[in-house]
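Hello,

Here is the structure I promised to pass on to you. Please open it and keep it in view while you read my notes below.

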Amino acid sequence: MAGIVDVDARGLLCPEPVLAARAALAPLAPGMRIRVLATDPLSPVDLAAWCARAGHRIVEEQVANLPYEIVIERG
């Protein structure tokens, strides 16, 4: 996907993947996307909960293999 920002959160534990995602999304315009690469087993759950609270949307996720890849669209 053109213009997507990658966030490398591999090796980080909760809450650091969420904090990294939040920092990466902050300067972006609504509708822009980031791809979070994470290895923390709780990252998919934590990121989904944060997105629901913050008004962002998970548009794609791969959680079958490491690293997890979660694409988030800024709300």
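This is a predicted model: local features need pLDDT of at least 70, side-chain atom pairs count only at pLDDT 80 or more; totals for chains, interfaces and linings use all residues.

The axes of helix H1 (residues 16–25) and helix H2 (residues 43–54) come within 9 Å and cross at roughly 45°. Axes here are lines fitted to C-alpha atoms, for helices over the stretch in contact, and angles run from 0 to 180 degrees between N-to-C directions. Helices (H or I, at least four residues) and strands (E, at least two) are DSSP runs, numbered from the N terminus. H1 and H2 are therefore oblique to each other; angles under 35 degrees count as roughly parallel, over 145 as roughly antiparallel, 65 to 115 as roughly perpendicular, and the rest as oblique.

Residues are numbered from 1 along each chain as its sequence is written, and side-chain values use heavy atoms, with hydrogens and water left out.

Now for the whole protein. It has 2 helices and 4 strands, which follow the pattern β-α-β-α-β-β along the sequence. Its C-alpha atoms fill a box of roughly 30 × 25 × 15 Å, taken along the principal axes.

The 4 strands make an open sheet in the order E1-E2-E4-E3, with mixed pairing; two strands pair if DSSP finds at least two bridges between them. Strand E1 (5–9) and E3 stand at the edges with a single partner strand each, so one side of each is left without a neighbour in the sheet. Neighbouring strands are turned by 20° against each other on average, direction ignored. H2 lies across strand E2 (33–38), E3 and E4, and runs at about 5° to E4.

Have a look at E3 (residues 57–62) and E4 (residues 68–73) too: they run antiparallel and are joined by 5 bridges. Together they form a hairpin with 5 residues between them. Arg57 stands opposite Glu73 in E4, and Glu60 stands opposite Val71 in E4.

Finally, two peptide bonds to find. A cis bond joins Leu66 and Pro67, with omega about -5°, and Pro67 lies in the loop between E3 and E4. Another cis bond joins Cys14 and Pro15, with omega about 5°; Pro15 is in the loop between E1 and H1.

Best wishes

Conventions: Contact means heavy atoms within 4.5 Å.
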